[in-house]
Amino acid sequence: MNTNAGHDEANPLASLDEWENDLLQRYPDPETIAFSKSASEYRNYDAPARDSVREFYRLNHTYQTYNFVQKKRQEFLKFDKREMSVWDAFKFLNELVDDSDPDTDLDQFQHLLQTAEAIRADGHPDWMVMAGLFHDMGKVLCLFGEPQWAVVGDTFPVGCAYSDKIVYPEFFVANPDYENEAYNTQFGVYAPGCGLRNVTMSWGHDEYVYNMMKDYLPEQALYMLRYHSFYAWHREGAYDYLLDDHDRDMLKWVKLFNPYDLYSKSPVAPDWNVLRPYYEGLVEKYLPSTLKF
Ligand SMILES: [Fe+2]
Ligand SMILES: [Fe+2]
């Protein structure tokens, strides 16, 4: 099944990886720059891919309205679609196949495993390894028929003015909320310093997986899941006026997580047969026997 295939109007990306390759252009690995280890690996980003990323963000910024997000929250946070074991869920996620370069792109599970393994290799707590292993599980939304712009891409608060620190801010003029006086002031529907927990984020795989995991992982891990695509916050420092002290405290964990997500990709797949016992034990420690979608 090739549900991830792009090339239609609603799904301009040839693969979800095009968004992540774009992130690497915007936020290159400092070590790669310093040692120019494999800089060329990240520089093979051609013009058609850039155009499709632009078009992807045009759709994302146009259609992610406050009302759209509320509708998607109602639809998906009931978790009444499917129930699967964790391992069946990874198999399900892997039905997302990239058609751009099937020989060299790693599947979704490999990205999750590489992220988790890089975190584990640096000796971080096992709940952070769990965050690495699950952070993109929410991409199964694509398999439920959701368009790319409602699954991936940088996330941002809805219901208040957009920061110019969000990538391609010019596309927000086409969003109906841009003209809506309830939503287009600095604070919009929010109180100053209300805390991110009270802020509705644009809809996508972060918010979905956060809700899936919120009863099972510690707060720091939940921030990593929930805000890993909120680049305007954790990379650009925007939206300080919505934060409370708890968010400021948690930011360091979100920042700690981000390089493992962006820079752990390696063409060498980890040996699952060797790793399996560790991960089975880890998943058993934190999660129930099945997950609801
Ligand atoms: Fe992600
Ligand atoms: Fe990721």
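How close do the axes of H6 and H7 come, and at what angle do they cross? They come within 7 Å and cross at roughly 160°. The model is predicted.

**H6 against H7**

- Two packed helices are described by the angle between their axes and the distance between the axes.
- The crossing angle is roughly 160°, and angles over 145 degrees count as roughly antiparallel. H6 and H7 are therefore roughly antiparallel to each other.
- The crossing of H6 past H7 is right-handed.
- On the H6 side, the contact is made by Leu112, Thr115, Ala116, Ile119 and Arg120. On the H7 side, Met128, Val129, Gly132 and Leu133 meet them.
- Sorted by class, this contact has six nonpolar, two polar and one charged residues.

- Thr115 sits in helix H6, which spans residues 108-121.
- Thr115 is buried because 25 other C-beta atoms lie within 10 Å, and the cut-off for buried is 20 or more.
- Beyond four places in sequence, Thr115 touches Gly132, His135, Tyr260, Asp261 and Ser264.
- Thr115 and Gly132 are 17 residues apart along the chain, with their C-alpha atoms separated by 5.2 Å.
- Ala116 also belongs to helix H6. Ala116 is buried, with 26 other C-beta atoms within 10 Å.
- Outside the four places on either side in sequence, Ala116 is in contact with Val129, Gly132 and Leu133.
- The C-alpha atoms of Ala116 and Asp126 are separated by 9.3 Å. These two residues are ten apart along the chain.

**H8 against H9**

- The axes of H8 and H9 come within 7 Å, crossing at roughly 150°. That makes H8 roughly antiparallel to H9.
- From H8, the residues in this contact are Asp206, Glu207, Val209, Tyr210 and Met213. From H9, they are Leu222, Leu225, Arg226 and Tyr227.
- By class, the H8 contact with H9 has six nonpolar, no polar and three charged residues.

- H8 is largely enclosed by the rest of the structure, because eight of its nine residues are buried.
- The buried residues of H8 are His205, Asp206, Glu207, Tyr208, Val209, Tyr210, Met212 and Met213.
- They pack against helix H4 (66-76), H7, H9 and strand S2 (290-292).
- H9 covers residues 219-227 and is mostly covered, with seven of its nine residues buried.
- The buried set in H9 is Ala221, Leu222, Tyr223, Met224, Leu225, Arg226 and Tyr227.
- These H9 residues pack against helices H7 (126-134), H8 (205-213), H10 (231-234) and H11 (245-263).

**The nonpolar core**

- In soluble globular proteins, nonpolar side chains tend to be buried together.
- Here, the largest nonpolar core has 71 residues.
- The residues with the most contacts inside the core are Ala131, Phe134, Val209, Met213, Ala221, Met224 and Leu225.
- Of these, Val209 and Met213 are among the buried residues of H8, while Ala221, Met224 and Leu225 are among those of H9.
- Met224 is in contact with Ala131, His135, Trp253, Val254 and Phe257, leaving aside neighbours within four places in sequence.

**His61 and Tyr168**

- His61 lies in helix H3, residues 47-63. With 25 C-beta neighbours inside 10 Å, His61 counts as buried.
- Setting aside neighbours within four places in sequence, His61 is in contact with Tyr168, Phe171, Phe172 and Asn175.
- His61 and Asn175 are 114 residues apart along the chain, yet their C-alpha atoms are separated by 6.4 Å.
- Tyr168 is in the loop between H7 and H8. Tyr168 counts as partly exposed, with 15 C-beta neighbours inside 10 Å.

- Tyr168 has phi near 50°, a positive value in a residue other than glycine.
- Tyr239 has a positive phi too, near 65°. Tyr239 is found in the loop between H10 and H11.
- With 22 C-beta neighbours inside 10 Å, Tyr239 counts as buried, whereas Tyr168 is partly exposed.

Key: Residues numbered from 1 in each chain as written. Chains lettered and ligands numbered in written order. Predicted model: local features only at pLDDT ≥ 70, side-chain atom pairs only at ≥ 80, totals over all residues. Buried ≥ 20, exposed ≤ 12 C-beta atoms within 10 Å, placed from the backbone. Helix = DSSP H or I, 4+ residues; strand = E, 2+ residues; numbered from the N terminus. Contact = placed C-beta atoms within 7 Å. Axes fitted to C-alpha atoms, helices over the stretch in contact; angles between N-to-C directions. Parallel < 35°, antiparallel > 145°, perpendicular 65-115°, else oblique. Left-handed = near helix turned anticlockwise from the far one by under 90°. Nonpolar A, V, L, I, M, F, W, Y, C, P; charged D, E, K, R; others polar. Core = buried A, V, L, I, M, F, W, Y, C linked by C-beta atoms within 7 Å.
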